[in-house]
Amino acid sequence: MLKQKRDKSSKREHNPYRRRLLFFILLGWGLLLLGDRVSELRVYQGALIAIYALAIGSLILLTGYSGQLSLGQGAFMAIGAYAAALTQIYLQPPLIVTFIAAVVVAALFGAIIGGGAARLSGPYLAGTTLALALGLPTLANLFSFLGGETGLYFDVGIAPERFGAEFTLYKWFFWIAALATLIMLFFIQNILKSRYGRAWKAGRSNPAAAQLVGLQVGRRKVLAFTISAGVAGLAGALLGMVSLVAPSTFTLSLSFAIITGAVLAGLTSLTGSILGGLVLVVIPEIAEMVSGNFGESEAVTANFPGLITSLLLILTVLFTPNGPAEQWHHHKEKKKQKALEKAH
Amino acid sequence: MIGSFRKKGLVAASAIVAIAGLALAAVPAQAREVGVTATSIKIGTTVPLTGIAGPGYAKVAPAMKAYFDYVNANGGINGRKIEFIIKDDRYLPPVSVEKTNELILKDKVFAIVGALGTANNLAVNSRVRLGSRGVPSLFVNTGFSGFADKKKFPTLFPLFSSYRMEAKIMGQYIKENFAGKKIGLIYQNDDFGADALKGFESAGVKFDVSLPYVSGTQGAATATTWIQKMAAAKVEVVYIFGVTTATAAAVGVAAAAGYKPQWIFGSVGADATTIVGQTTVPVALLNGALSMSFMPDAADTTDEYVKFFREVNTTYNNNATFDNNIMAGMNGAMMVAQALKAAGANPTRKSLIAAIESKGSTWASAGYPPIGFSSTSRVGYTGFWIGKYNLTGSLIPVEAKGTIFTTDSGNGPVVKTTSKRPALPAKGLPN
Amino acid sequence: MQQVINVFLIGISIGSIYALMSLALVLVWRSTRVVNFAQAGQAIVTTYIAWEVVNRSGSFLMAFILAVAIGGLIGGLVESGMMRTLFKHASDGPVAAVAPVIATLGLLGVIRALVGLIWTNEGKRFESPVSTAGFVIGDTTLPFSRLNLLIIFTAAFVMIVFSIVFQRTNLGLALRAAAYNPEIARLSGVKVSMTRTIGWVFAGAAGAVAGILLSPNDSLTPYSLDVLFVFGFVAAVIGGLESLVGAVVGGLVLGVGLSFITFYLGTSLVFPTAFIVLVVVLLVRPSGLFGVKGARSA
């Protein structure tokens, strides 16, 4: 049985990189074409979906593959957003540099915090990152160059003229967000399939055994935290671009929303992150439609989405703890195995 | 190869779902201006209904809606009913940006009216680019002087007398009446507060104790530190230049601590019913506190505008407790109705802005000071009257009624004059 | 000097509320090895119920008793309903370690949404049962009020009741045994599943007291106890997460410390300080000031 599995995986590794690249390019091309065919509202929502998907991807990378749960992705997003905004305000470099700054600075903070976090596990890490998510944005009020509650504007300007006059603000947001997200997801996907990714997985499911075979679980955990923070930082910069770089952009609710999206998408499947982003945008839409039937009460509009997503969260973790996608996958694998066993 | 494609099934599935989600709606063709149909005209606003600044300010938008409902019941604007959408932004600038995006993209409003908050409006104008997209934002509920900059905010019209004007006028009053006393200031540490600081500077007022606070922290805990510091420094006059919840927190804690300074409340943080509703202090405790306003006091039932707004409030606003927030809401709504009417039988966003520029300064409103709109000026009201609270929480003018102080948001002088406010039009409807 | 005493007393008052939340978290942790992220959420429900009762009957005492009882009931229901199912289904797999965190976060979300649906998100004013006016000594008025005194006395009362239950009763012995070593406790005839539920019941009641003490004279919203949870957690970690005494001391230390920071350095430093304290304790003395060493991995 073991032998067969190895055979299969070696066959799979037959140039997986190029195939993934092709897939992401096709997906990107399709999405951008689509941007021309739908209303401005959908384009705007598309940008939000891309941003959430990226943030969820950063959490999946951390939790699904290295077993650490961070409730503080919002804090790393904030760091990335402030880094991007400050870089732009003080240096005015090309746009791409501001996004790189977001990734690098957030990753740096991730490395520092990850250094401490690697020693913590389960609820301790969750509680600490929760305190980070709640505490870090308030720093903006301490230093005037961070703009206080009013925040900073991370202004990516309008689309270059060669894109034409029809190219709206939202389409510009969507292009930037979708491209950044696709490139980043592609990058994460490749890490996860690399030996690092496999080492993380090993460290997650059995730290003691991984240690025995010479994998440095601690160091790899820090690395996972660093990369995750960097990815979250980029998502934060993108959110800052669409919204505002302010403490109230990066609230605890945002961190919770990202966890919700990640759990619903399946904490162990990166590809589910796009689905997770979609869920976060679609559920409020549905809730609004439903609340319309209740006479558009403010209390219903404000709370109904939270009720639905939280209920889904509980049900998911109670009955399919590894996410619906993984469960389905698991189910399929089992079936395959059974078929194989029968054949032998 | 085939196997790998199957493995990618999930990826493809999620991508397809994402694309399908995006493709739900197509763009409808538009003949008329956005938000305008043969029978209706759609406008929207962002205000705090909940959250830290909610108490008091939550009454502004429903009051606007009440006046619009009254207009609709009397035939609407040029035969069109006003459809008014209220979004709660909890006074958080990023939420204002999000909700404004929704108003423009999802609800497709003709214009934004009465959006509340300095930081909120600044954020919206920068991030949603109302100006370059030509979306009008009428009569914002903030007195930030910077909004009068037509170049920066080509589609935005402020209405309130600016915070700078306020600080200059009250600054002069402080110099004349409280010379030699210890004076303290509590202000919101953002553009709202900074605007006032500039005004105090031009008035030449110095504060012995100056305490900035971060929007969102103005609870009892923070107010305790204000009062302890003010009391420790033996400050005799305390000027609170913040939102109403900040005033309420300070007054409540001071009452409990037995600290009794001469209070001065900033015009947007001075509503007596809200302050009393948010604390356990009896209304009589406000007696003698100074404040200023550009509208008549909500309790002044001899004023024709107050009387009219109270009638609308009874019928169309569930008879909510009438206060300055409701006054501000209805007064803004009255200006909006006149602007929509003046924009013509086939209103466009451009004709709306042109109408305000050409006729806005002549429209009827409850405000005492003259309005400064013209093709070159975006300044709304240009002054205040100063009053003192009595035992029942009404603001009583310190000068003769109708006496106002006018000035500008620069270094111009403060001028004492008499109001020449237009009379209430028939039935309170736009002419 | 007088100001220092003032700030200290206010700190003790707020710290005793943190101590109660910290106690609740420690009780749950000892019984099921779970940090209950919905602890403040449960307290929000009972605080709203108390608000409703105070508004209708005017009796703070009745509201208090009802809130504590319902708080205990909710705690028991959450443990026997949700947590048991969770342990049954999510006992293995890659996310088993984080499943309780996610489940309790989900519960927090559900509770907040329901509270918002029933009472709206608009801030409710919770009137104080006693005067919030400061005590007058000579010709100066202290910021320390009857309400602060009531908070300290109530918290102390609850803690005394807890210590009697834990130290002097058979139930307390069983609870301590089960927390110390569930296997041996089971072998000596302790119904461990029962002690688990009871741990959650006590925690729910303690959290309810914390919520009802924090809310008077302030605005009550579905989110107003978030901060209480975080400070309760920090206090629990300072105390070592295992020790009931540690939880109380941790709460008081944090309350006094933050009170001084609020007054002398400003409110914007409160969260950063709490976070730094948390990280420093976790890194330097991970077992807390009262904990047993090596108890951190769970």
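A residue is called buried here if 20 or more other C-beta atoms lie within 10 Å of its own. Keep that in mind for chain B. This is a predicted model. By that cut-off, buried residues make up 60% of the 431 residues in chain B.

Now the fold of chain B. It has 15 helices and 14 strands. The radius of gyration is 23 Å, close to the 22 Å from the globule rule for 431 residues, so chain B is as compact as a globular protein of that length. Its C-alpha atoms fill a box of roughly 85 × 60 × 40 Å along the principal axes. Look at contacts with a separation of 6 or more. In chain B, 73% of them join residues 24 or more positions apart.

Next, confidence. Chain B averages a pLDDT of 87, and 93% of its residues score at least 70. Where is confidence lowest in chain B? In helix H1, residues 2–7, with a mean of 41. Strand E3, residues 111–113, is highest, at 96. Residues 1–8 of chain B have pLDDT below 50, and beyond near neighbours in sequence this stretch has 3 contacts in the model. Residues 23–30 of chain B are also below 50, with 11 such contacts. Where pLDDT is low, the predicted coordinates should not be read in detail.

Last, chain C against chain A. The contact takes 45 residues from chain C and 48 from chain A. On the chain C side, helices H3, H4, H9 and H11 each give two or more residues. H4(C) gives the largest share, 14 residues. By class, this side of chain C has 32 nonpolar, 10 polar and 3 charged residues.

Note on methods:
Residues are numbered from 1 along each chain as its sequence is written. Chains are lettered from A and ligands numbered from 1 in the order in which they are written. This is a predicted model: local features need pLDDT of at least 70, side-chain atom pairs count only at pLDDT 80 or more; totals for chains, interfaces and linings use all residues. pLDDT is the predictor's confidence in each residue, from 0 to 100. Helices (H or I, at least four residues) and strands (E, at least two) are DSSP runs, numbered from the N terminus. Two residues are in contact if their C-beta atoms, placed from the backbone, lie within 7 Å. The radius of gyration is taken over C-alpha atoms; the globule rule is 2.2 Å times the number of residues to the power 0.38. A residue is buried if 20 or more other C-beta atoms lie within 10 Å of its own, exposed if 12 or fewer, and partly exposed in between; C-beta atoms are placed from the backbone. Ala, Val, Leu, Ile, Met, Phe, Trp, Tyr, Cys and Pro count as nonpolar, Asp, Glu, Lys and Arg as charged, and the others, Gly among them, as polar.
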